[in-house]
Every structure is written in structure tokens, then in C-alpha cells.
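Thank you for coming, everyone. Today I would like to walk you slowly through one protein, so please look at the sequence and the model while I talk.

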Amino acid sequence: MRARWEALHAALDRSVRSLQAEQAFQQARQHPALARFDQPFEVVEYLASKGGDLDEKDRLLGVLVTLVQRREHHELVSGLLWLGLWPGLDAVYRRRQRNFRGQPEELIAELADVFTSIIERLDLEVVHRVAATLVRSTARDLIDRRRRAAAGAARAVYQPTFDPAPPRASPDEL
């Protein structure tokens, strides 16, 4: 199960190190928050590193979220967000594995869907810490989806049959 998750990480890593990513990043560097980085993987290393200026990391994450929401360099910036927050997303993945036994693709697909939708709808005007909001909201929404799915399955199992029209007796039976 873990192998598929690691394969996603490797694919994202390759995508931000590609020539296409490098070209997109050179254009994205027009933004002041990205200007100090020469290569896209440097952004990932900075965000994923322990320590550092949390306010600066938060501003950088806010810029990346804004670029995704504007569809500017979408593929590259999405990959940077994923990889920059990988340690937190990996922790979410590990905690949720037990709920998806034997269904690794489902967990990865749900996690990706939840994380992506949170990025798309994130209101940076009300968020205090972008990284914490993205990771914690992903964890919370995964749990909520699983609960709703379980509740839906329970309702599907218990479907009382109700026949609104009782059988009519024939005149011979009366």
C-alpha cells in the first residue's frame, strides 16, 4: 500500500525537476516570493525543511495557493504545494491507512481530491497558517467523507420495505 504513495511522491518530484517545470518556474519567479529561488525543487526543500521563518513559509505557501487558484503555472505550483507539504500529508496518509485496508488507490484518490479541493476554495483572507490549514483540513475532510460513506452504506443496508397499498381482498375472500 505504501509503495503507491511513494510512487506518487516520486512522480511529483520528477515533475518539478523536469525541463518543462524549470521553464514554467522561470516565468513564475516574476512573483517576489519566488524570486530568491533558482530552481523549483529549492522551493520544496525550503518548505519541507524543519525550522526556518514560519511567517515567510506561510507567505510563500499563500502565493502558491493564489497561483493555483488563478491557474497560473498550475501543474508546477500544485506539485510544489504537494511536495512542500509532503511531511504533513504523509502523516495524514499514515493515520488514514487503517481505514482503507486493501484499498490504497482509494485512499490516495480521496486524499488528492480533498487536498486539491481545499486549495481551490481556500480563503487566504481568513487563514492564519496556510500549511496547518491545508494539512488539518485534509485530515478532517477525509474523516468526514469516510463517515458519510459509512452512514450511506448503513442506510443502504437497512431499507425497510413499505408497500403503500395493502393487498385488496377479492370478493370471494370476504
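Predicted model: local features only at pLDDT ≥ 70, side-chain atom pairs only at ≥ 80, totals over all residues.

Read along the sequence, this protein follows the pattern α-α-α-α-α-α-α-α, and the count is 8 helices and 0 strands. Helices here are DSSP runs of H or I with at least four residues, strands are runs of E with at least two, and both are numbered from the N terminus.

Residues are numbered from 1 along each chain as its sequence is written, and side-chain values use heavy atoms, with hydrogens and water left out.

Let me begin with the whole protein, where buried residues make up 35% of the 174 residues; buried means under 20% relative accessible area, exposed means over 50%, and partly exposed is in between, with a 1.4 Å probe and protein chains only. If we take the contacts (heavy atoms within 4.5 Å) with a separation of 6 or more, residues 24 or more positions apart account for 64% of them.

Now to the charges. How many salt bridges does a search of the whole structure find? The search finds 14, where a salt bridge is a side-chain nitrogen of Lys or Arg within 4 Å of a carboxyl oxygen of Asp or Glu. One of them joins Arg2 to Asp90, with the closest N and O atoms 2.7 Å apart. Because Arg2 lies in helix H1 (residues 2-16) and Asp90 in helix H6, this pair ties together parts that are 88 residues apart in sequence. Arg2 is partly exposed, at a relative accessible area of 29%, whereas Asp90 is buried, at 10%.

Another salt bridge is formed by Arg129 and Asp55, whose closest N and O atoms are 2.8 Å apart. This pair also links distant parts of the chain, since Arg129 sits in the loop between helix H7 (104-121) and H8, and Asp55 sits in helix H4, 74 residues apart. Both partners are partly exposed, Arg129 at 34% relative accessibility and Asp55 at 39%. Returning to Arg2, salt bridges that share partners join Arg2, Glu6, Asp90 and Arg94 into one network.

Arg96, in helix H6 (residues 86-96), gives us a contrasting case. Arg96 is buried yet has no salt bridge, and the nearest side chain of opposite charge, Glu110, is 9.0 Å away; for charge, Lys and Arg count as positive and Asp and Glu as negative, while His and the chain ends are not counted. Leaving aside neighbours within four places in sequence, Arg96 is in contact with Leu107, Leu142 and Ile143.

His73 is partly exposed, with a relative accessible area of 24%.
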